[in-house]
Amino acid sequence: MYERDLQDLIRGLRSDAAKQNEARFISQVVEEIRKEIATSDMDLKGGAVCKLTYLEMLGYDMSWASFHVVEVMSSPHFHIKCGGYLAATQSFTQDTDVLMLTTNLLKKDMASGVPADVSVALNCLAHIVTPSLAQDLSLDLIPMLNHTRPLIRKRAVLILYKIILLDPDAFDLCFHRLRERLEDTHVGVISATVNVLCELARRDPERYLPLAPQLFGLLTTSSNNWMLIKIVKIFGCLTPLEPRLVKKLQTPITDLINTTAAISLLYECVRTCIIGNLFQGSSGHSLAKTCVNKLAVFLDDPDQNRKPIRSILRIPLAHDDAVKYIALLALVKIVPAYPHLVVEYQRFILSSISDTDLSIRMRAMDLLSAMVDRNNLQTIVQHLLSQLSPQQDSTQPTASETLARVASGNPAPAPSILSHAYRVDVCRRIIEMCSREMYSNISDFEWYLSVLVDLAYVAGVDVDEDITSQILDVVVRVRAVRAFSVRLMTKIMGDPQITERVRQRNEGGTGILWVAAHVDDPAALIQCLLQQVTLQLPPDVRAAYVLSSTKILGSWATAMATAWDQQDRDAVAETVTKVKELAAALVSDPDIEVQERTVTFVTLLEFMRADILNVKQATTVPVSADSAEPQYPKSLRLIAPMFSAYELNAVATEAQESIRLPLGLDLDFVIVPDNIAYGDQARDVTRKKKKKKASGGGPENIRIGTADCSSSDVQNPYYLGDESTKATALYAVDIDSIPIVSLGSLPLPQERSSTPKASAVVDRIGEMPDEAGGPSSAIVDPSDGGDGSTRGSQAVRVVRSKKKVRAWRCKKSDQGHRPNIISELKRKERGSVIIIT
């Protein structure tokens, strides 16, 4: 029979016939492999396992051949054994059932005198190790650390990492040997040991403090950058646990920073200085300055300093972006402790904001946000705003200009297109930098309000809510800027762009209106608010427009009353009339809130106009100075007190916490029991009750059920019953036979107030939930005829409930009128009436 080897398998898979029907070809090959792998010929079995390993790399399952893989691993011939170990490395998992068969096999090969057998066994163990294998083979692995071959020692050290993770008890057994490997004669073994210790020290650094002397010796003598990076990382984990290392490490770390040309090692030194608190004392300040100066070199534009080199070599320095990114990342870690050192290189950081690489721009943004102070805030904000604003120069370079730039080694930068997420981040960072620590970095609040307005125009994204919140907060907290804010908000209210944005986004306009409350010419601003386009705004914005118009007119009217001149009467009346005509367009608004506010506003305007016109013309008889009657129309001061009764102050952050808990208030009291049903659940309960009532057969069955009721419940005048008994009482209880109990024998409630409270008006057609355990708390005086007015002595009050049963209360003084009251109530309520006296 023709035997297909691995090369034939690969050629067959790549042939055109196999590509047309790959599934059929694979099934044929697998069938051949099943026959080959079941033979006793180890060469044929090893070839079959190699072919299965290749198919497994293509995604086909070979777990069914796990036992045959173990057989090939046990072969005495290395070329067959190597294929078996490769198959185990590729296909064995934690759940493979034949892993227990590999324990003795691995022990045998690790103890072999053939270095190749030991190497493949260690390599396979690193991939298939499990907690049980780690526990069984840890004692056999430790002697490998003293093997005569450096390659074996290095592999044994590396696999100890997984052994210790899966079996922590192995650490005590191998710690002494690991310390010896730090002084190994081969640099590869030392580097492997340092790598393993670095990963283990991140998990439990305290156990590796005894290794600090050997690691310090390697730090001062080694020239391998990658090993130095790992050693510096280890000291970053050990220094917080041993403060004495700080003074010891400052000198070698400073030497590394001054001498190394590797940005990766420089970054790790900066990171270790920060997390290890090496920036302490006079030496620490000098170390921080050295770090900043070294990192700032990488922020400079490479096109300026390295242009001659690039033009000679004709090679673009592609790693410049990566170096700049790492330098910015390191400076971000330094700036919280030493911002004054980083500020010196503000020019280079601002230039990174315009970089074409988004990651560099974001790290530069982090750095600017951390280094901002009162001196550089305006410069940084203006630079960010200029980045958001559209470019004025829209001309494109010609083809000859572009070619000339490329030939000179200074190609034109690609046009920067700011993404939506980046614009949002820039806008919010501007707001965060300005508002940090309660605006501690702002010296000119008029400038900040102007920045917020500019940001609203150039942002290009939806940050109106954040901008509005800042405007309101500044106006409330800073009294001196309120007049300027009013003028600024009044100016932008007439901008159609702002109105259109409010219409589209349904936010932002209410805060601007709230600020624009004191103007010299209210008619112009109110005309802007109540223009035709206002009708297209959302209902809540229209309601805010009406309320703001009321506030604006009230402030203006108060100012006119203060400086009242009889000659201005007609002009004031004309302004009020004009505002009334503008507001009349919203009287019939479909939204009830807008309509109610508009009607109230128009009514106040009508009253004011009538009062102004009724003011007498000035006469020759002067008004007495002692006269209490004001010379101006009193209605001018009618609106302003509704908005200025209290002084406008900001609420402290601790205000809510300082409020004492009222006596008798139990916050843990359950207001609504858990068994109350809502929504669909309540409707389901109602349907079930209706079905149950319908299946009863009518009033006759209800009367039968009534006979089973307890007589004590029927005779009890205070028992209203649950939902099931209410319907029963409708047919079976004689209302006239209900006894009337005198209240004289009952204790009267303690009088709380000398003035009686007015009765609340309730909706007579409202419905209470079926599960309500008692009558509603709303009380209505039926003597008012249903219009809410009170008449007489309010002798009768009604407590509403779900069904037709009504509970009435009568005062003791009206006992003689009870028959007439009962008859009237029966006629009005068309149901049962229970009198509670």
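Mentor: Let's start with a term: a residue is buried under 20% relative accessible area, exposed over 50%, and partly exposed in between (1.4 Å probe, protein chains only). This is a predicted model, where local features need pLDDT of at least 70, side-chain atom pairs count only at pLDDT 80 or more, and totals for chains, interfaces and linings use all residues. Residues are numbered from 1 along each chain as its sequence is written, and side-chain values use heavy atoms, with hydrogens and water left out.

Trainee: Is Y448 buried or exposed?

Mentor: Look at the relative accessibility of Y448, which is 0%. The cut-off for buried is under 20%. Y448 therefore counts as buried.

Trainee: What kind of aromatic pair do Y439 and Y448 form?

Mentor: Rings of Phe, Tyr and Trp (its six-membered ring) pair if their centres lie within 6.5 Å; planes under 30 degrees apart are stacked, over 60 edge-to-face, and the rest tilted. The centres of Y439 and Y448 are 6.1 Å apart, with planes at 55°, so the pair is tilted.

Trainee: Is S443 buried or exposed?

Mentor: S443 touches R374 and Q378, not counting residues up to four places away in sequence; contact means heavy atoms within 4.5 Å. Its relative accessibility is 52%, so S443 counts as exposed.
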